[in-house]
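Please keep the structure open as you read.

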Amino acid sequence: MDDSERPTCCKRTGRFFSLYWRVLVLLATPSLAALLFLVDTGPAYRCMFVVLIMAVYWITEALPLPITSMIPVVLFPLLGILDTDRTCMMYMRETLLMFMGGIFLALAIEHCNLHKRIALKVICSIGCSQRKLNFGLLAVTMFVSMWISNTATVAMMCPIMKAVLEELEAQGLCQMYLKPKQNEMEKQSNETPIPSRITICYYTGAAYAASIGGLGTLLGTGTNLTYKGIYENRFPEGNPIDFFRFTIYNTPGMLLGTFLVWIYLQVVYMGMFRPNSKAAQEATISKEGETIAHGVIMNRYGELGPITSHEISVAILFVISIALFFTRKPGFTTGWADLLPETKIQDATPAILTLLLLFIFPANWQWLNFLKINPTSLPTERTPSLITWKYINDKTPWSLIFLLGGGFALAEGGKASGMSEMIGQSLSVLKNLPLLLLLFIVCLVVQILTEFASNVAICNIILPVMAEMSLAIELHPMYLMLPVAISCSYAFMMPVGTPPLAIVAGLGHIQTKDLIKAGVGVKVIMLLIIWGLFPVLGPLVYPEIKDFPDWARPIQNSSETPEQNSSSIMTY
């Protein structure tokens, strides 16, 4: 090889780092984290060593997220933080069984296409003008995302949106992608198509609605269950996070957020309140256009065929499941779990009951022909159940179970090693900040961080810190943990932040700069909603947050006087 063709030192170094940066992160992180042992080698610092390694690995994804989540099983016993049995127990807690039950119910809904039938029917009912159609798509995405994963919801809605927009474009009523100028035709032919304002509005709106709707129930997204698991593990003496109150608290913010995001998208991309603008003219379609859009939706609905016994059975089980969650222990009246006061029944029980029924109930009623006196025909195959294990095994996001379990293991290790108490003491200086200012700061910081890493990973890292911060300033832990857990799902700008954005960016050919432009306004809207809503609605749904709880007092510094340890009633 000629010397002129040999790669320079800088080029070789750059190529090496581009190919093997993950290996360098894997090796360098433990080495740098080990500098903690120059300060102290006690259990708290050993636990912090593990936390730092996992935080870096989670954020950089140097290892797959679920693999990083299993690090405590190795390091906690070796470093004397938790024994193996206690560590492994964190990976199969009540919260994870509730998650599995909810996921399997959602998969049953997908399996029979019930979610598509509901979505298409609601969209037709709302209307098919551009504004109504966009609102209908956002509303349906929000509702479906409350019960099935955000990713699956967006994956379902994108083909529907694409079919409608393509038909409208074929009729000359809208434009999905911008046409390049004549002198740019050759250059543009090899580049990604540029989406129009209409396309960006529809696709990004679906991603935003899925993320917002996922916060409506404990089953909606992994961050909700991470919050439940870490809170209940850190504060076992407190009231558990139940399905009913969580939904009651989050529903107003979810509805308000979806509506304001729709208004925002209409103003920015469809010229709302600017009737003479170019954007408004592009978004206006005639009655004929509405008829065409309605026809596309109805054609999609017709492809599903008549409603089947499979869909009816799953719908009945879905309603029963939600009723069991809401009536387990509603608080304002006696719930069915209160009938057994000696037994602590939590949300995993109705979740797994629903799972069992999914495998017991038949998908169709052909077997009844055996009971008829003169049947016209007899089944030739065994009637399948409402869902099969093969379908569950293929579709379940098993990696999320390890990700949740890893977060619970970190929280348990932090408590057992004393690291949590040490962090709490170091954060006591925040006591002088006004509560509303503190709440705004932590929500803002979390919303920025969650744009660059997995929402669940950020939640696992931040929530234990929020728990100790709350104890340090004598604040009910829920006051910071609940808004922060919700903020972890507010990734609206970067495609790496959440799968729904990555999906719409790919299918809609939306560039990152366009996602950032659209997402900034949505992020501000949702930040203000969560910040303004919690001090008002939080004490109504969770009255206990007004006082610093007695069960948190033993964790405080024993040198405090009784007067300092007295219950502090917060004002809003």
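Predicted model: local features only at pLDDT ≥ 70, side-chain atom pairs only at ≥ 80, totals over all residues.

Residues are numbered from 1 along each chain as its sequence is written, and side-chain values use heavy atoms, with hydrogens and water left out.

**Aromatic pairs**
- The structure holds 24 aromatic pairs, meaning Phe, Tyr or Trp rings (for Trp the six-membered ring) with centres within 6.5 Å; planes under 30 degrees apart count as stacked, over 60 as edge-to-face and the rest as tilted.
- Phenylalanine 135 and tryptophan 262 make an edge-to-face pair, at 5.1 Å centre to centre and 70 degrees between the planes.
- This pair links distant parts of the chain, 127 residues apart: phenylalanine 135 is in helix H8 (residues 130-145) and tryptophan 262 in helix H13, helices being DSSP runs of H or I with at least four residues, numbered from the N terminus.
- Tryptophan 262 also forms a tilted pair with phenylalanine 259, at 6.0 Å and 40 degrees.
- Phe143, Trp147, Phe243, Phe244, Phe318, Phe325 and Phe326 form one aromatic cluster.

**Charges over a ring**
- The charged end of arginine 117 sits over the ring of tyrosine 301, 5.3 Å from its centre (the cut-offs are CZ of Arg or NZ of Lys within 6 Å of the ring centre and within 35 degrees of the ring normal).
- Lysine 121 lies over the face of tyrosine 301, at 5.1 Å from the ring centre.

Definitions and conventions
Helix = DSSP H or I, 4+ residues; strand = E, 2+ residues; numbered from the N terminus.
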